[in-house]
Amino acid sequence: MNAVTQFVPASLRQPRADAAATDCLVRIIGLEKIYQAKDGNDIHALQNINLDIQPAEFISIVGPSGCGKTTLLKILAGILKRSAGDVIMLGRPLTGPSRELGVVFQAPVLLPWRTVLQNVMVPVEVQKRHRGEFEARARQLIAMVGLSSFENKYPFELSGGMQQRVGICRALVHDPSFLLMDEPFGALDAMTRESMNEELQRIWSESRKTILLVTHSIPEAVYLADRVVVMTPRPGRIVDIISVDLPRPRLLGMQTTAEFGRFVARIRRHFTSAGTLDT
Amino acid sequence: MSADSKPLNRLAGNLLVSLTTFVIFIIGWEAAVRGLGISKIVLPPPSAVAVALWESLREGELHWHLAVTLYEVLAGFLVGSIGGLVLGFVIALSPPIERIFYPYVVAFQTIPKVAIAPIIVIWFGYGVASKVVITATIAFFPLLANTIIGLRAAPQDQVEMMVSCTASRWQVFRMVRLLQALPYIFVGLDVAIVLSVIGAIVGEFVGAKAGLGYLILQKNFNFDMAGTFAILIILSVIGVGLHGLIGIAQRRIVFWMDMAGERVVGA
């Protein structure tokens with residue numbers, strides 16, 4: 001934990017370093033991202049983002065297009081550089097991609113020359129983990145999302161929803177403690193989406209992973225999350241963090257209750273006031 | 001159409017159309033030559049070409065020339081495409097080498113190979129070697145260009161996916177870029193194999209002791225038009241055959257491209 005104490009600015013060192021060492025899984029402090037546009041103007045994609053994520057917490061990030069939510073996720077995944085600020089990821093300063101991370105992308109991003117099973121095994125191969133041991137796990141995950149009979153099929157033989165489920169298995173195969181999901185269900189039809197939401201809740205409650213889900217669906221965010229982080233664009237910033245204290249396990253029918261509606265309304269207000277409603 | 005669900009039926013249908021067109025074309029040609037009384041040394045009738053083809057296939061002489069040209073085509077194709085492939089990899093992986101060498105490569109490509117063929121014959125002699133070199137210089141560029149483009153064709157999201165699970169540069173190359181380059185490399189091979197046939201013949205025209213190009217010159221010299229046409233048919237059979245072989249290899253190795261296409265059409 002020495003690295004952490006050195007990394008955090010002196011003024012914040014005492015309390016923050018302790019928190020990072022104990023209960024806090026991810027700590028984001030004053031994160032900024034500025035893109036250089038082609039016309040020479042800077043685009044302030046993320047402004048002063050501060051967020052603590054606890055272990056086994058389910059966080060949803062909602063916001064309209066262009067609010068920087070995907071940018072934030074890519075920075076946490078270690079595939080995009082930040083312009084300023086500190087991120088402590090799993091007890092260490094963030095320097096790049098981590099083996100302890102699983103990422104689900106907007107598109108399934110499967111490799112077309114690999115079968116379903118071979119696609120799910122990509123992280124295991126990349127990280128040179130024990131193949132036999134993780135192949136059994138890969139098969140279990142594929143069975144869990146109902147694709148057992150498609151193990152040896154190629155992506156072009158699968159529907160979009162099936163491909164996305166393969167993408168989720170791939171993010172989980174190496175048993176990461178932290179799962180980043182970037183609008184994973186955006187391309188799915190409403191019914192598949194609801195069943196995937198139920199599935200995700202089950203995966204989360206059984207495995208007790210920490211999940212950060214980026215979505216533009218307010219009901220989806222409320223249904224799944226312990227806390228909903230609300231972001232607005234230009235510049236991308238956090239305007240509200242709402243704790244959703246609805247009991248678990250949550251049922252899909254819960255979405256029609258008044259209590260659920262109050263959470264949705266509170267989030268939606270941020271967007272109507274900003275004139276950027278897109279849900 | 002119910003034919004859509006039966007690829008075999010569709011294939012048979014296509015074959016029938018091609019065959020009918022071919023037969024009509026041949027009959028029209030034969031009728032035109034006979035009806036208009038065109039001289040045999042201007043345009044031979046298909047029947048005369050067929051006879052010439054049959055006789056030259058029966059004679060042992062043609063086999064030797066055929067073997068020489070085939071050897072030149074295949075050896076030149078192999079040397080040229082392997083060279084293009086290797087330099088393509090080096091250039092794609094190393095921007096400094098690209099900046100230093102690529103302008104020369106492009107400059108070399110703009111020179112018509114027919115124009116340098118006489119020089120190559122002087123350097124490498126009238127034998128097979130000069131034809132292999134000429135063919136190789138022609139087969140080289142399609143492979144080079146397509147390998148460079150192919151190795152840079154990997155979609156950004158696939159690279160990001162690999163990096164997000166801690167893939168090294170080498171792993172991204174081996175597991176994604178290399179495979180994404182394969183369809184492009186096959187396009188290069190296909191272009192190169194057809195150009196290789198042209199390369200060998202051009203080399204033989206400039207100066208040779210054997211080969212189908214040499215034979216064409218001889219027959220032309222003797223006003224044996226039907227014989228020349230017969231050799232042209234053999235050449236096109238070689239070209240189509242080699243193109244077909246590349247196609248078979250492509251469908252086996254880059255199977256996912258074909259299937260993706262089929263899905264869009266069939267969906």
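In chain B, 34% of the 267 residues are buried, a residue being buried if 20 or more other C-beta atoms, placed from the backbone, lie within 10 Å of its own, exposed if 12 or fewer do, and partly exposed in between. This is a predicted model, in which local features need pLDDT of at least 70 and side-chain atom pairs count only at pLDDT 80 or more, while totals for chains, interfaces and linings use all residues. Residues are numbered from 1 along each chain as its sequence is written, and chains are lettered from A and ligands numbered from 1 in the order in which they are written.

Chain B has 11 helices and zero strands, where helices (H or I, at least four residues) and strands (E, at least two) are DSSP runs numbered from the N terminus. An automatic or database domain assignment divides chain B into domain 1 (1-38) and domain 2 (44-266). Some overall values for chain B are set out below.

| Property of chain B | Value |
|---|---|
| Distance between the C-alpha centres of domain 1 and domain 2 | 29 Å |
| Radius of gyration | 23 Å |
| Span of the C-alpha trace along its principal axes | about 75 × 60 × 30 Å |

The radius of gyration is taken over C-alpha atoms, and the globule rule is 2.2 Å times the number of residues to the power 0.38; a compact globule of 267 residues would have a value near 18 Å.

Helix α5 (residues 113-124) and helix α6 (residues 128-151) of chain B pack at an angle of about 145°, with their axes 9 Å apart; the axes are lines fitted to C-alpha atoms over the stretch in contact, and angles run from 0 to 180 degrees between N-to-C directions. Residues in α5(B), including I120(B), V121(B) and F124(B), meet residues in α6(B), among them V133(B) and I134(B), two residues being in contact if their C-beta atoms, placed from the backbone, lie within 7 Å.

Y126(B) lies in the loop between α5 and α6 of chain B, and counts as partly exposed because there are 17 C-beta neighbours inside 10 Å. Leaving aside neighbours within four places in sequence, Y126(B) is in contact with V121(B), G207(B), A208(B) and K209(B).

Between the two chains, 18 residues of chain A are in contact with 17 residues of chain B. Helix α5 (residues 122-126) of chain A gives the most to the side of chain A that touches chain B, with three residues.
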